[in-house]
Amino acid sequence: MEKIRVMSVFGTRPEAIKMCPLVKELAKHPEIESLCCVTAQHRQMLDSVLDVFDIKPDYDLDIMTPRQTLSTITSKCLTGMDDAIEALKPDMILVHGDTSTTFAGALAAFYHQVPVGHVEAGLRTYDKYSPFPEEMNRKLVTGIADLYFCPTQNNKDNLLREGVDKGLFVTGNTVIDALMTTVRKDYKFETAELNELPYESKKIILVTCHRRENYGEPMKNIMLALKHIAQTHEDVELVYPVHLSPVVREAVDKYLRGTPRVHLIDPLSADEMHNLMARCYLVMTDSGGLQEEAPALGKPVLVLRHETERPEAVTAGTVKLAGVDQHTIEEMADRLICDKAAYDEMAHAVNPYGDGKACERIAQAILWHFGKGEKPEEMKA
């Protein structure tokens with residue numbers, strides 16, 4: 001029997017965390033040949049995830065250049081994908097989420113008339129410039145895709161309202177699948193400083209901040225708020241794995257470097273980040289993925305943005321929007337640090353993002369699409 005050649009395409013660290021478990025799940029099925037193509041939109045951070053999951057790409061575009069622009073990323077991905085598709089001859093291409101790799105990968109597949117499956121489909125803010133460029137990337141991929149793997153019913157409803165009514169599946173989020181393999185109680189960090197943190201006696205706050213729409217004044221406000229939190233709470237320590245973006249690093253150096261109880265460290269591997277999250281007290285982030293990961297570990301999240309394409313967690317009570325105003329961020333963090341009832345209310349809320357079987361459902365949906373199996377049951381809320 002000829003196998004279905006399914007090529008998973010990704011290029012950034014967050015994509016890799018969510019796609020590597022799927023690459024491995026697809027490989028378990030004898031009807032499927034699981035192929036992996038990376039663009040290396042983020043080289044170093046991508047490679048660390050590939051190492052954690054022990055995945056060796058079948059094709060590597062290696063596109064990353066210093067201070068790359070959205071245009072160079074997209075054009076290099078698009079032309080590089082031509083070669084990858086010609087070499088690997090996939091029957092279906094899977095893209096994830098909303099990066100420039102996602103859009104270029106889907107567009108290249110369309111040009112070669114290869115069906116597209118969109119993992120993490122249906123997220124929306126309905127503001128094309130926020131998050132930028134992610135909101136427009138995912139909307140453009142919606143117009144190309146053939147199968148839509150929606151993490152939640154809300155994501156599916158977004159697509160139904162837009163007129164997409166075929167190939168829709170509610171699967172849960174593959175990041176929950178990833179967490180089930182990476183988080184361990186006996187975990188030892190490679191980053192030595194993390195092994196020495198006073199997890200029992202202090203409140204460890206995990207921070208990330210890197211989004212393009214926060215560049216400039218918003219990022220300054222966020223940094224000043226973080227500085228204030230560290231200075232005014234002796235029982236708190238902040239851990240900030242600083243993104244490799246030069247813009248982010250310049251802001252961190254200007255506003256946070258040298259602040260007591262603030263640990264500025266290099267980006268972490270996927271397993272280190274997940275295990276740090278499992279041990280921390282609170283997460284403050286402008287990332288999308290952490291809004292899904294932290295609730296699964298019982299950690300409240302303050303989102304350093306004005307909106308989120310993941311409203312399920314806000315509705316569930318695990319996430320609150322803090323925005324980018326310095327004083328609002330300080331007030332919301334102060335409450336969670338000082339008010340145990342407010343903290344417990346968020347920490348004990350139900351995680352809406354799945355049961356760790358998203359990859360299994362996606363694999364079953366692909367087999368069904370090619371007439372090789374039954375249609376999977378959707379994840380129940």
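A nonpolar core is defined here as a set of buried Ala, Val, Leu, Ile, Met, Phe, Trp, Tyr and Cys residues joined through side-chain atoms within 4.5 Å. Buried means under 20% relative accessible area, exposed means over 50%, and partly exposed covers the range in between, with a 1.4 Å probe and protein chains only. The model is predicted, so local features need pLDDT of at least 70 and side-chain atom pairs count only at pLDDT 80 or more, while totals for chains, interfaces and linings use all residues. Residues are numbered from 1 along each chain as its sequence is written, and side-chain values use heavy atoms, with hydrogens and water left out.

The largest nonpolar core holds 58 residues, of which Phe10, Leu94, Phe149, Leu194, Leu276 and Ile366 touch the most other members. Helix H1 (residues 13–27) supplies the largest share of this core, with 7 residues. Apart from this core lies another, of 35 residues, which includes Ile205, Ile222, Ala251 and Tyr281. In soluble globular proteins, nonpolar side chains tend to be buried together. For leucine 194, contacts (heavy atoms within 4.5 Å) are made with Phe189, Tyr199, Val239, Ile265, Leu268, Glu272 and Leu276, leaving aside residues up to four places away in sequence.

As to overall architecture, the protein has 16 helices and 13 strands. Both are DSSP runs numbered from the N terminus, helices being H or I with at least four residues and strands being E with at least two. A compact globule of 381 residues would have a radius of gyration near 21 Å, and the 20 Å of the protein agrees with this. The radius is taken over C-alpha atoms, and the globule rule is 2.2 Å times the number of residues to the power 0.38. The C-alpha trace spans about 65 × 45 × 40 Å along its principal axes. Of the 381 residues, 59% count as buried. Among contacts with a separation of 6 or more, 68% are between residues 24 or more positions apart.

The protein exposes about 15800 Å², and carbon and sulfur atoms supply 50% of this area. Accessible areas come from the Shrake-Rupley method with a 1.4 Å probe. There are 43 positive and 58 negative side chains, and the centres of the two sets lie 1 Å apart. Lys and Arg count as positive and Asp and Glu as negative, whereas His and the chain ends are not counted. The place of a charge is taken as NZ of Lys, CZ of Arg, CG of Asp or CD of Glu.

Helix H12 (residues 289–296) is largely enclosed by the rest of the structure, because 7 of its 8 residues are buried. These buried residues are Gly289, Leu290, Gln291, Glu292, Glu293, Ala294 and Pro295. Just after H12, glycine 298 takes a positive phi of about 75°. Glu293 and Leu297 are among the residues touched by histidine 274, which is found in helix H11 (residues 270–279). Histidine 274 counts as buried, with 0% relative accessibility. Further contacts of histidine 274 include Ile17, Ala178, Leu179, Thr182 and Val183, not counting residues up to four places away in sequence.

Histidine 369, in helix H16 (residues 358–369), is partly exposed, with a relative accessible area of 33%. Histidine 369 touches Met92 and Leu147, residues up to four places away in sequence not being counted. The C-alpha atoms of histidine 369 and aspartate 146 are separated by 9.6 Å, although the two residues are 223 residues apart along the chain. Lysine 3, in the segment before strand S1 (4–10), is also partly exposed, at 40% relative accessibility. Lysine 3 touches Pro30, Glu31, Ile32, Glu33 and Asp91, again without residues up to four places away in sequence. The C-alpha atoms of lysine 3 and aspartate 91, 88 residues apart along the chain, are separated by 9.3 Å.

Several loops carry backbone features of note. Between strand S5 (116–119) and helix H5 (134–144) lies proline 131, and the peptide bond from serine 130 to proline 131 is cis, with omega near -5°. Proline 133 lies in the loop between S5 and H5, and the peptide bond from phenylalanine 132 to proline 133 is cis, with omega near 5°. Aspartate 62, in the loop between strand S3 (59–60) and helix H3 (70–88), has a positive phi near 50° and is partly exposed at 47% relative accessibility. Glutamine 113, in the loop between helix H4 (100–111) and S5, has a positive phi of about 55° although it is not a glycine. At 75% relative accessibility, glutamine 113 counts as exposed.
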